[in-house]
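Reader: I am new to this structure and would like to learn how to read it. Could you take me through a few features, step by step?

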Amino acid sequence: MSGTSLLLVAGEASGDLHGARLLSELKNLVPSVEAFGLGGGELRRAGLEAVSEENIAVVGITEVLKILKKAKAVFRQVLEEVDRRRPRAAVLVDFPEFNLRLAKELKARGIPVIYYISPQVWAWRRRRVKQIAQRVDLMLVLFPFEAAFYQGHDVAVCHVGHPLIDEVPELNHTWNGGKPPEEAFRIALLPGSRSSELEKLLPRMLETIRHLKKSLPVQPVLIRAATISPEELQPYLDALEETPEVISEDRFSAIAGCHLALCASGTATLETGLLGTPLIVVYRLAPWTYVLAKLLVKVPFFSLVNLVLEKKVVPELVQGEAEPQRVAERAKALLLAPREIEQMRRELGHLRCKLGDRGASRRAAAAVAPWLTGGEKALP
């Protein structure tokens, strides 16, 4: 085995960012660590040697089937590198459809598996917790309720807290909801970090803006995720009469400067909530994926903001309710209801204390380090 070789696999924008923060902190503890695997720009800048350039991050059954051949090829590439380098350990970040299968292969090869950012087995497909118990040596979780869930299923678990507490700054807002802006309402559009999400949500968000403009002065601000290239975005913009402002750098300031956000379900809802910007969560899945989710999902909300706050603080519009006309009606009603805006922002203010203390990436790195150095694998 290589003394400090580490396999690190992340397949989505949020996992790429959180994995990069973990790797940076890990280098402080184990300076000789050499990480290879899958990741985007953030992980590569943190020092990851990527074994493939392919993007295989999608959501939903139909979408997975479309990229299955490509995903299998990437899977083989990763395992070939594992067999060649024999890493001391593996850190698998979220991305469960790929990473849980990879964990099985790694376990068969005797390579310890640390899983960072749990699959949502507490919400649906709970049978996967048995797979996790067999394949994962240590689960690092972001939320306290996840730790309690895994402890109840005899899985070694460590609650490290949520890294967004360190990553998302506390910024001032230019509008308090009490008085309409003198110019246009700025509406942030966050259609997601996957191509499949962009395809389903961005046209509907842009159509929502068209409906809103019939009765309100609005200015859309499109937040481009790091995993979406300008070239991939351009065809959606070419069809518009008026091109929205597109932001890729300093997105937190841009979101904080908006009066409302239309946001795909996922980590972006937490980022927006931590910034205190009022939001409406919109989402669409392929029909069969949605039917299956309705049957299997065991939680009262699908947005992380409402799950963490344990109440319906932000509107959730999914499938038919996510049609542009309905979203526009809900957005208009919210923008013209200063008391509702103020109440939402007050509730969003509780997110930081709910997500734990600062230093999550450092605690996660401290849990990984002993697997590389041969030290005592105590939970931090």
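**Helices, sheet and a buried glycine**

Author: Helix α9 (residues 195-212) packs with helix α10 (residues 230-238) at an angle of about 30 degrees, their axes being 11 Å apart. Two packed helices are described by the angle between their axes and the distance between the axes. Because angles under 35 degrees count as roughly parallel, over 145 as roughly antiparallel, 65 to 115 as roughly perpendicular and the rest as oblique, α9 is roughly parallel to α10. Axes are lines fitted to C-alpha atoms, for helices over the stretch in contact, and angles run from 0 to 180 degrees between N-to-C directions. Helices (H or I, at least four residues) and strands (E, at least two) are DSSP runs, numbered from the N terminus.

Reader: Which residues make the contact of α9 with α10?

Author: Contact means heavy atoms within 4.5 Å. From α9 come S195, L198, E199, L202, P203 and L206, and from α10 come E232, L233 and Y236.

Reader: Thanks! What should I know about the model itself?

Author: This is a predicted model, where local features need pLDDT of at least 70, side-chain atom pairs count only at pLDDT 80 or more, and totals for chains, interfaces and linings use all residues. Residues are numbered from 1 along each chain as its sequence is written, and side-chain values use heavy atoms, with hydrogens and water left out.

Reader: In what order do the strands of the open sheet lie?

Author: Two strands pair if DSSP finds at least two bridges between them. Here 7 strands form an open sheet with parallel pairing, ordered β3-β2-β1-β4-β5-β6-β7. The edge strands, β3 (49-50) and β7 (157-159), each pair on one side only.

Reader: Is strand β4 mostly covered or uncovered?

Author: Buried means under 20% relative accessible area, exposed over 50%, partly exposed in between (1.4 Å probe, protein chains only). Strand β4 (residues 89-93) is mostly covered, with 5 of its 5 residues buried. On one side sit A89, V91 and V93, on the other A90 and L92. Parallel to β4 runs strand β1 (residues 5-10), joined to β4 by 5 bridges, and L8 stands opposite V91. Strand β5 (residues 113-116) also pairs with β4 in the parallel sense, over 4 bridges; there I114 is the bridge partner of V91.

Reader: Why does G37 count as buried?

Author: G37 counts as buried because its relative accessibility is 0%. G37 belongs to strand β2 (residues 34-38). Leaving out residues up to four places away in sequence, G37 touches L7, L8, L48, E49, A50, V51 and S52.
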